[in-house]
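Welcome! Please have a look at the model below before reading on.

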Amino acid sequence: YKLSVSPEMDIMEYCRKEWRGNTPAAKRMRKGYEAVAQKFASIRRIRGDNYCAFRATLFQALSQATQLPRWLQSEDFTMLPENLLSKYDWIKQWQLRQKPGKRMGEIKDEIKEYLILLREKWKNISEIKGPLEKQEACDKLFKNEEEEYSLYEALKFLMLNTAIELYNADKSGRRVPVFSWLLFARDTSNNPCQLMHNHLNHIGHSGGLEQVEMFLLAYALQYTIQVYRLYKHSTDEFITLYPNDPEEDWPVVTLITEDDRHYNIPVRMCQETML
């Protein structure tokens, strides 16, 4: 059985284990890990399937959640699948995990269940006061494969909804973030329908999140995702924010990547940093 989120390990010990050689790449990685170790004491490895960006982001968001985000509180949140399917027929081709080609009614009901589960888990975990108990609840959730993957389906659907909102805003002449242009400038995602077919339907199956989709995830969750990109150490892209001009009231989660494909999480902020 593979753990979704491994127990924590000292960050520099992990680095020494992984990057022993004297190649330029190994030296850069060690420098990168040293910089992260100024702020965080430990690292937790994230299971490396094509959901790792979701897993790392959601785990970090839940483990520091103290309240339910506004968008999760809204009355019509669970009506999203119904509302979108009534306007966009092509959403019937949404690929549910391991259940290709489900009928429309079932898709609608199933995604609604995933959204309800997301709200319920977020609410329960955010109400836990003690940090240890909160951590235990997160660990338990990410050991339940059925629930965990249902939450990722919910996140994918929220990304689709956000993409549709941005696309429509741009078409009607409203200001949209720059990443939204980049998202729809790709040959494979000129519009939300193509984005679903060529990208969102494949996440978790044959691919993970691309850079521009990290922005979309951040917007869908209304979280700033801060990433230490270790292979970019000593460049101005070493710490990258998604989005790069975040709203001030968005909470921040921090991830680590060595290659923009796989993400791990730093934990235990060093005392000085917290002060």
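Contact, in this report, means heavy atoms within 4.5 Å. This is a predicted model, where local features need pLDDT of at least 70, side-chain atom pairs count only at pLDDT 80 or more, and totals for chains, interfaces and linings use all residues. Residues are numbered from 1 along each chain as its sequence is written, and side-chain values use heavy atoms, with hydrogens and water left out.

## The nonpolar cores

Let us start with leucine 118. Leaving aside neighbours within four places in sequence, leucine 118 is in contact with Leu58, Trp71, Leu72, Phe77, Leu151, Ala154, Leu155 and Leu158.

Buried means under 20% relative accessible area, exposed means over 50%, and partly exposed is in between (1.4 Å probe, protein chains only). The largest nonpolar core has 75 residues, and Trp94, Leu118 and Trp122 are those with the most contacts inside it. Helix H8 (residues 145-171) gives the most to this core, with 14 residues. Helices (H or I, at least four residues) and strands (E, at least two) are DSSP runs, numbered from the N terminus. There is also a second, separate core of 13 residues, and it includes Ile11, Tyr14, Met29 and Phe238.

Is arginine 44 buried or exposed? Arginine 44 has a relative accessible area of 6%, so it counts as buried. You will find arginine 44 in strand S2 (residues 40-44). A polar atom of the arginine 44 side chain lies 2.8 Å from the backbone oxygen of serine 6. Not counting residues up to four places away in sequence, arginine 44 touches Val5, Ser6, Pro7, Glu8, Phe59, Gln135, Asp139, Asn264, Ile265 and Val267.

Glutamate 213, in helix H11 (residues 211-221), is buried too, with a relative accessible area of 1%. The side chains of glutamate 213 and arginine 186 are joined by a polar contact of 3.0 Å. A polar contact is a pair of N or O atoms within 3.5 Å; within protein, one must be able to donate a hydrogen and the other to accept it, and residues adjacent in sequence count only if both atoms are side-chain atoms. Glutamate 213 and leucine 183 are 30 residues apart along the chain, while their C-alpha atoms are separated by 7.5 Å.

## Salt bridges

How many salt bridges does the structure hold? There are 17 of them; a salt bridge is a side-chain nitrogen of Lys or Arg within 4 Å of a carboxyl oxygen of Asp or Glu. One of them joins the side chains of glutamate 147 and lysine 121 (3.3 Å, N to O). This pair links distant parts of the chain: glutamate 147 is in helix H8 and lysine 121 in helix H6 (residues 104-126), 26 residues apart. Glutamate 147 is partly exposed, at 22% relative accessible area, whereas lysine 121 is buried, at 17%.

Lysine 156 and glutamate 153 form another salt bridge, with their closest N and O atoms 3.8 Å apart. Both residues lie in helix H8, 3 residues apart, about one turn of the helix, and both are buried. Elsewhere, Arg229, Lys232, Glu237 and Asp260 are linked in a network of salt bridges.

## A buried cysteine

Cysteine 138 sits in helix H7 (residues 131-141) and is buried, with a relative accessible area of 0%. Leaving aside neighbours within four places in sequence, cysteine 138 is in contact with Phe59, Leu62, Ser63 and Ile125. Cysteine 138 and isoleucine 125 are 13 residues apart in sequence and 7.4 Å apart in space, C-alpha to C-alpha.

## Backbone details in the loops

Which peptide bond is cis? The bond joining tyrosine 242 and proline 243 is cis, with omega about -5°. Proline 243 belongs to the loop between strand S4 (239-242) and strand S5 (252-257).

Aspartate 260, a member of the salt-bridge network, has a positive phi near 65° although it is not a glycine. Aspartate 260 lies in the loop between S5 and strand S6 (263-269), and it is buried, with a relative accessible area of 13%. Glutamine 222, also not a glycine, has a positive phi of about 55°. Glutamine 222 is in the loop between H11 and strand S3 (224-229), and at 30% relative accessibility it counts as partly exposed.

Methods
Core = buried A, V, L, I, M, F, W, Y, C linked by side-chain atoms within 4.5 Å.
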